[in-house]
Amino acid sequence: IANSYNRPTLIQLQNTREEEEEQQTTAQQEEQTKRWEATELEEEHVHDAAVPPLAGDPPAADPPSPPPSKDDFQEELVIRPLHSGDIYASFQFRTVWDADFMGDQKVSHYRLFPKSLGQVITKFSVRELHISFTQGYWRTMQWGQPYLPSPPGAELWVWFQDTVTDVDGTWKELTNVLSGIFCASLNFIDSTNTVQPSASFKPLGIGNVTDHSFLRYATLPREIVCTENLTPWKKLLPCGSKAGLSVLLKSEKLFHSTFHSQAVHVRPVCQDPQCRTTSMELRQTLNVVFDLHTSGQGKREWSLFKMFSRTLTEACPLASSSKVYVDVTDNPQGEQFELSPATPLLTQAVVLGDRRTYSVYDLTQQASFGSSRSLNMLLRWKMLRPLLHSERYVAGYGLQAGEIHTLIYNHHPYRAFPVLLLSAVPWYLRLYIHTLTVSSKGKDNRPSYIHYQPSKDRERPHLLEMLLQLPPNSVTEVTVEFERALLKWTEYTPDPNHGFYVGSSVISALVPSVVAMDTNSTLDRPLFSSFFPCKEEASYFMRVYTEPLLVNLPTPDFSMPYNVICLTCTVVAVGYGSLYNLLTRTFQVDEPSPGLAKRIANVIRRFRGVPLL
Amino acid sequence: MATAEVERKRGQLAALSIAVVVVLVGVPLWWRTTETYRAWLPVNQINELAELQLQLSVDVEVVFSRGTLMPEQQKKVPFTRTQEEAQKVDDDTTLRYRYESKYRTANIMEEDALKQPTAAEADLSLHTLSASPCGSVVVYVIPETSVLLPQGVDVYIGHRRTAVLRMGAPMSVGKNHKQLLAHLEPRITQVVQVMSFSHTDITAALSDRVRLSPGSKESLADSMRSFKSSPGYEITFSLLNPDPKSHRLDWDIEGAVHSYIQPLLTKLAPLANFSIDSQILYYAMLGVNPRFDSSLEAYTLNADSLAHVINPVEARLGSNAASSNPVLNFLLYVPDAHHSPLYIHDHQKQPVASNAFHSPRWGGIMVYNVNDLYGRGETPLPVNININMEKVMGVFLAQLRLMLGVQSSPAPPGFLVEPCGGAGLADWELDRLMWSRTVENVATATTTITSLAQLLDQIGNILCSLSFAGSVNLFHYINNKLGTVTSLQLAVAELEAGNLGFALQYSKEAILASERAFFDPSLLHLLYFPDDQKFAIYIPLFLPMCVPILLSLIKIASEARQRRKLKQSKKD
């Protein structure tokens, strides 16, 4: 409420000076429209410039051959039919640039890498940046694992370089700049919703950083993702939305879906297998789940055109690789669905502990574009349970106390594995850590590691991180009680009865794999299988986000301050009035008044004109 | 009866004392607790700044070489002389120019230097003899018969802060030293106006403060072309490739910036911080479809349609995320294969030789045709093309000089100004820029701070926090920086003393501090608190409290009046 008061005046105030300038320029408005003028080039300039003024420098003109391209762009789309009958499409665009952002030399000449992001990374000394905007919740139980998990709303986590001295200040500035770049309300990230996880969020790129004071993690579960976030995201792509896979990204279709998630990941990666030099990798990912039941009129037939209202016609000419993968694992002999045009190429990839088979369409090959230029799929489903998934809800009644329940399911038939659970709870839910209980299969399950950072009012949220061992084929329940705090009246959001969001808990796990994982990270693998670096052959890394919570806080009646003012003023006035009366009234002895009969007699006497009694 | 009278007296006293308590304690208490906090501001000093009296001082050293002075003149020529000139620009702004001339004769080494065969060499060797401080001018007077300057040239201005002036013919000069000085002074003033500042430059720099009478279109365009003074500039080179399918473009921008742009910017470093970056934008189209001219077998773009060219491109240029300094854009547009070659025509329908155009305070764009590099159809697309950066940078450099205001106004007749090349910048040209930028900064900062003071004066509800007051006042406690008023006073004082470098430094600080003050967020905290809400809150308290007090006061007053009447009638 206070904000909305301020805004118009802010504009007024800042306009005051602009108006002054405007008055000056109105006379020049006519000039403004045709202010373009041809550059008259004096001969001498060209001539002089032709001779580089510094004698030692090699002349800039005609270098013998174009320098080897230092940056590389790849694009990729994976389409996976989901068990629920929905379709999951995952785009990844990767730009790798052999530029050293962490050195002293300022990086300022951009080719494929977007300049706006590069400037941010340089200015704020960012080592790794991960930002995601998600609309909808990924239903792990129905859809299985996503290639790139993300919590609902906005998530931002950043590793700063160790040269940054004032991490909190830099973080604040960075969030403000990013909110401008992505047209999102990331500027609402402040110390009250920022945490420094100690174990969960390790750098995904190279570099063995252990000092988590350079890490900041924040989520904004309330953030609504829409077209205005997609447009700046597309602007970061070298081909924009003009060519390649990005022509499919039309917002009217993308946001007419059950799940939409877009993300930007920047991290340093190895340039060569020996890892002598590093490059900067920018991955832009977009995941979308289309609901077939509601928009397909009961038909389960789908094509690119039906999903995106566009077809692919060419690869982005700047991309070194441009591929479309379609998951055909569930269709080994082709008895379940048919894919047209006919699959020219098959590949296998191990992703999330599962060996999957994919049909590959290489867009850089002209042969991929047949006469139809669209893909049609007929699909049938079977049910498969994911190994790890989770649920979270708030229990309890009334507006004072409550309980957060987190259920973590391990569906592995015989293997137990450890998971890291991170939950960041805002300060206005006062967690009672002594009520923390962890149980699985009816027995107490003691976490082997607990990191708990209590909240400070209006400064920082609760941080609870623990390492849990999940027994095979079990449900582990983590409960903790909390009390709802009373906020100051200016701290309520404009619609406080909607409730307050609590960001997703994060479950990070090394899940035992049935098939051997490939630990050689430099091998040329499809992008979607190489995001999380793989350290062991027998297990793979996975992250699960729980549902965000919506908690009702005790909400005052906002006209109350005025009512209180009125009431107290009235009480004060009444008290003061009687006191005043008492002090200023003149007391005097009064003669007793005549009786009622006497008075009536007097009235009658007056009428008759007889002297009174 | 007596007791009743005593009671009445007591009641009156009680009412009076309550009224006194309310007035003496209640009202001040209410006033203090509901007041908006206002830190102390130097209002008087700000009002003084509203009337700007700038004095610009130049040190001019006039050196007479052998043969220019007769012995009796030499004795009588004064050591120093001060010339002042006052100009009233408008009601609040006055300018005073002060030329402090020092006269001396040349020493032996300078005499030797002046004997060099050409003026350029003489200029160089004079420079090695003594380095004159920033903002000063040295004029060497040489005899009429000297062969240093070519025929018909009276004044030579070199790369540094020195000028060589030819003494007039002896008979026009006259014998008396007064006649000599009367002859020389206007010419020296002319030299100084070319080398440091002229009245038109300074008034143009004051355009933020003073509304100029609309002059000719030409001068207006000139004054609007260059960027306003700012503590930093971002220079962005963008290569627009609308057709990556038919050509792959390579430009060695790093090398080109290093050899062409950087020398100029290094020279300009005292003025502002420059940062350079570049990007390549693919599928960036112009906003206008060029027309095909069959007579030229080329596409043409008219000067009238240039204004519409940029809009769709500009959305993709991207603002600078990392700073808020103004951005100078330089675009190199390589037309796609189907719209090539593309030529720009000016208002007279003549092709522009450089094939480039620029927009004031925005930047420039150049069209670079590559279709003749495709080869004859045998090479597969896309074709790799290397851009000739020499050609491109020549154009961009000329545009950059225009945008930064490094333009040489045409020299008066008889003047020979040594051309200093595309990348170079003469010392005196830098001085000229520094003079006008300092004045511009001072003018902008004073306008900002005075309008802010007016605003604070008009709107009583604005909160005035300590940090805000710090940016306005003398010293900023929190940032450890000078406040606007102090920096402005220092800048004006340094201008008066002729220390150009310090003056520029302080004026930059003044600009920064004034911007900080103007956009201080704490100004808005209590701004919106309308009167109707105030009354709604105060009435339930004040009405029941004040009405009895007022009524009893009226009653007491009327009783007192009655009593007085009674007494008078008794007397009568």
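**An exposed helix and a buried histidine**

L24(B) sits in helix α1 of chain B, which covers residues 2–34; helices (H or I, at least four residues) and strands (E, at least two) are DSSP runs, numbered from the N terminus. This is a predicted model, in which local features need pLDDT of at least 70, side-chain atom pairs count only at pLDDT 80 or more, and totals for chains, interfaces and linings use all residues. Residues are numbered from 1 along each chain as its sequence is written, chains are lettered from A and ligands numbered from 1 in the order in which they are written, and side-chain values use heavy atoms, without hydrogens and water.

L24(B) is exposed, with a relative accessible area of 59% (exposed means over 50%, buried under 20%, partly exposed in between; 1.4 Å probe, protein chains only). Together with V20(B), V21(B), V22(B), V23(B), V25(B) and V27(B), L24(B) forms a nonpolar surface patch with about 580 Å² of accessible area.

An unreviewed UniProt entry lists residues 12–31 and 535–557 of chain B as "transmembrane region"; such annotations may be inferred rather than shown by experiment. Residues 12–31 of chain B are 100% helix, and their end C-alpha atoms lie 27 Å apart. Residues 535–557 of chain B are also 100% helix, with end C-alpha atoms 29 Å apart.

Over in chain A, H462(A) belongs to strand β22 (residues 462–470). H462(A) is buried, with a relative accessible area of 4%. The side chain of H462(A) makes a polar contact of 3.1 Å with the side chain of Y452(A), and another of 3.3 Å links the side chains of H462(A) and S455(A). A polar contact is a pair of N or O atoms within 3.5 Å; within protein, one must be able to donate a hydrogen and the other to accept it, and residues adjacent in sequence count only if both atoms are side-chain atoms.

How values were computed:
Patch = residues over 30% accessible without salt bridge, like charges linked within 9 Å, V, L, I, M, F, W, Y side chains within 5 Å. Areas by Shrake-Rupley, 256 points an atom, 1.4 Å probe, with all protein chains shown as cover. Salt bridge = Lys/Arg side-chain N within 4 Å of Asp/Glu carboxyl O.
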